[in-house]
Structures are given as structure tokens and as C-alpha cells.
Amino acid sequence: MAGKFITFEGGEGTGKSTQLKLLASWLREKGIDCLESKEPGGTEVGQEIRRLLVCGDKDKMDPVAEALLYYADRRIHLTKKIWPALEKGQWLLSDRYADSTTAYQFYGYNRKVQRETLNSLYKLVAGDFKPDLTILLDIDPVIGLKRSFTKAGTMSDKETRFETRGLEFHNLMRGGFLEMAKAEPERFIVLNADKSIEALHNEITGIMAERFNIP
Ligand code: TMP
């Protein structure tokens with residue numbers, strides 16, 4: 001596949017979506033054709049799955065049911081959008097991908113889903129396919145959740161199922177992301193997200209330029 005698959009990961013309120021948009025514009029300025037996407041909800045069917053996952057009561061389903069729905073969304077995203085784009089030579093930037101499932105459903109819930117189960121689901125859904133680069137935006141959940149709730153207050157659909165989990169959940173999830181990044185240093189880049197939008201964007205473009213030889 002000729003295109004590149006770049007994922008943004010991190011907890012709530014890290015600024016992933018903003019940074020993804022800015023990076024997409026920068027790549028287009030460099031003449032690279034790229035698509036912006038997200039999980040859950042990168043496809044039409046995915047939008048329906050997203051609503052089931054992120055709206056409503058936090059206890060309406062357990063981590064096993066969540067993992068299955070996130071992986072269903074992922075399979076549709078891969079087959080309908082990610083792989084076709086990469087085959088055409090486009091780059092695809094995704095706001096979250098499989099590391100989010102491991103961070104939230106495994107680490108966040110303190111291992112209530114087996115890691116091996118998630119690994120098997122990954123194999124079933126994606127085979128050996130992996131992101132070319134994963135940008136992990138790291139922030140203290142106390143700061144991230146504050147940012148996220150400010151944003152949610154202005155949203156009509158109240159996608160707050162995960163934000164309403166306690167600080168312990170978010171700290172476990174953050175630790176999980178950092179552990180995963182440590183285990184795969186060639187795929188992950190970890191950046192401190194507690195800085196200005198512009199400073200973080202400059203950091204990201206510097207890394208992209210170097211990693212992918214973009215002049
Ligand atoms: P978003 O608000 O960043 O778009 O993500 C939606 C929510 O879904 C967010 O709270 C994180 C959560 N999530 C999981 O719990 N597992 C996953 O696999 C993914 C992709 C997201």
C-alpha cells in the first residue's frame with residue numbers, strides 16, 4: 001500500500017481532533033493527498049455505532065460489549081475507508097484506532113477484558129496491518145477532563161459516557177497508553193499535550209518532516 005496510516009491517540013481533552021485537522025492541512029500544503037477520519041464513527045454505519053457507544057448511561061453496557069462494538073466499527077472503517085484510501089495512495093489520519101480499545105477497555109477498566117481477547121479481535125479485524133505512526137498526546141486527566149467538559153457543555157448530543165467515569169479510570173487508561181508506547185517505541189511518538197495548539201502543531205510537523213522525508 002502506497003499511502004500512510006497515521007493515528008492520533010490519547011485521553012479526553014488532549015486536543016487530538018484539532019491537531020489532526022492542522023496536520024491534514026499541513027500535509028495538503030506539501031502536496032500530500034490525505035483523508036481525515038476517526039474512531040468510532042469514521043463511516044456512515046460507524047456513526048450509528050458511535051452513538052450507541054458514547055451517548056447515554058455509563059453503565060448501559062460492559063467492557064466486553066464495548067470492545068466488540070469498537071471492533072465492529074473498526075472493521076467497517078478498515079474495509080470501507082482506510083484500506084481503499086491507502087491503496088489509492090492517499091494518507092489517512094485517524095483520530096483514535098485500536099490502541100484506544102486497549103487503553104480504555106483493558107487498562108481503564110482495570111483488566112476486565114483479557115488482553116489476549118483484544119489481541120485476537122485485532123487479528124480477526126486487521127490481520128498484520130498496523131499504523132505507520134501513532135502520535136500519543138499525553139496530558140494529566142485532571143486538565144484533560146476539564147477541557148473536555150467545557151467542550152461537552154457546548155455540544156447538543158452529550159457524548160460523555162467515558163468522560164463521566166472517575167479519575168481512577170482515566171489515570172489507569174493514561175498509564176496504559178504510556179506502557180504501550182514504551183513497548184513499541186518505533187511506532188509511537190509521545191508528546192506532552194499541555195501546551196499551546198501552535199507549539200504542539202510545530203512539534204508534530206517537525207516529527208513528520210523528519211520521519212517521512214517531507215521537505
Ligand atoms: P472521541 O470522543 O475521542 O471521539 O472518542 C469517543 C470515546 O470513545 C472516547 O471517550 C474514547 C472512547 N473509546 C473507547 O473507549 N475505545 C475505543 O476503542 C475507541 C476508539 C474510543
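Q: How much space lies in the second largest pocket?
A: The second largest pocket holds about 370 Å³ of space. It has 21 lining residues, and Asn119, Tyr122, Lys130, Glu184 and Arg187 are the closest to its centre. Two or more residues each come from α4, α5 (115-126) and α7 (167-183). The model is predicted: local features need pLDDT of at least 70, side-chain atom pairs count only at pLDDT 80 or more, and totals for chains, interfaces and linings use all residues. Residues are numbered from 1 along each chain as its sequence is written, and side-chain values use heavy atoms, without hydrogens and water.

Q: What makes a residue of the second largest pocket nonpolar, polar or charged?
A: Ala, Val, Leu, Ile, Met, Phe, Trp, Tyr, Cys and Pro count as nonpolar, Asp, Glu, Lys and Arg as charged, and the others, Gly among them, as polar. By that rule the lining of the second largest pocket has 10 nonpolar, 3 polar and 8 charged residues. The element that gives the most to this lining is α5, with 5 residues.

Q: Which residues lie nearest the centre of the largest pocket?
A: Lys16, Ser17, Asp95, Arg96 and Lys151 lie nearest the centre, out of 45 lining residues. Elements giving two or more residues to this lining include α1 (16-29), β2 (34-38), α6 (141-152) and α8 (197-211). The largest share, 6 residues, is from α1. The pocket holds about 1000 Å³ of space, and its lining divides into 12 nonpolar, 16 polar and 17 charged residues.

Q: What makes a space a cavity and not a pocket?
A: On a 1 Å grid over the protein atoms alone, a 1.4 Å probe fits in a cavity but cannot get out, while a pocket is an open set with protein on both sides within 12 Å along at least five of seven lines; lining residues have an atom within 4 Å of a point. The whole structure has 1 cavity of 30 Å³ or more. The largest cavity holds about 120 Å³ of space. Among its 15 lining residues, Gly10, Gly11, Ile139, Met173 and Arg174 lie nearest the centre. The largest share of the lining, 4 residues, comes from α7. By class, 7 residues of this lining are nonpolar, 4 polar and 4 charged.

Q: Why is α2 called roughly antiparallel to α3?
A: Helix α2 (residues 44-54) and helix α3 (residues 63-87) pack at about 160°, with axes 9 Å apart. Angles over 145 degrees count as roughly antiparallel, and therefore α2 is roughly antiparallel to α3. Their crossing is left-handed.

Q: Which residues of α2 meet α3?
A: Val45, Gly46, Ile49, Leu53 and Val54 of α2 meet Glu66, Leu69, Tyr70, Ala72, Asp73 and Ile76 of α3. This contact has 8 nonpolar, 1 polar and 2 charged residues.

Q: Why are α1 and α8 called oblique?
A: Their axes come within 10 Å and cross at roughly 50°. Under 35 degrees would be roughly parallel and 65 to 115 roughly perpendicular, with the rest oblique, so α1 and α8 are oblique to each other. The crossing of α1 and α8 is right-handed.

Q: What makes the contact of α1 and α8?
A: Thr18, Gln19, Leu22, Leu23, Trp26 and Leu27 of α1 are in contact with Ile197, Leu200, His201, Ile204, Thr205, Met208 and Ala209 of α8. By class, 9 of these residues are nonpolar, 4 are polar and none is charged. Contact means heavy atoms within 4.5 Å.

Terms used: Axes are lines fitted to C-alpha atoms, for helices over the stretch in contact, and angles run from 0 to 180 degrees between N-to-C directions. A crossing is left-handed if the near helix is turned anticlockwise from the far one by less than a right angle, and right-handed if clockwise. Grid points are joined across faces, edges and corners, and a volume is the space filled by probe spheres set on the points.
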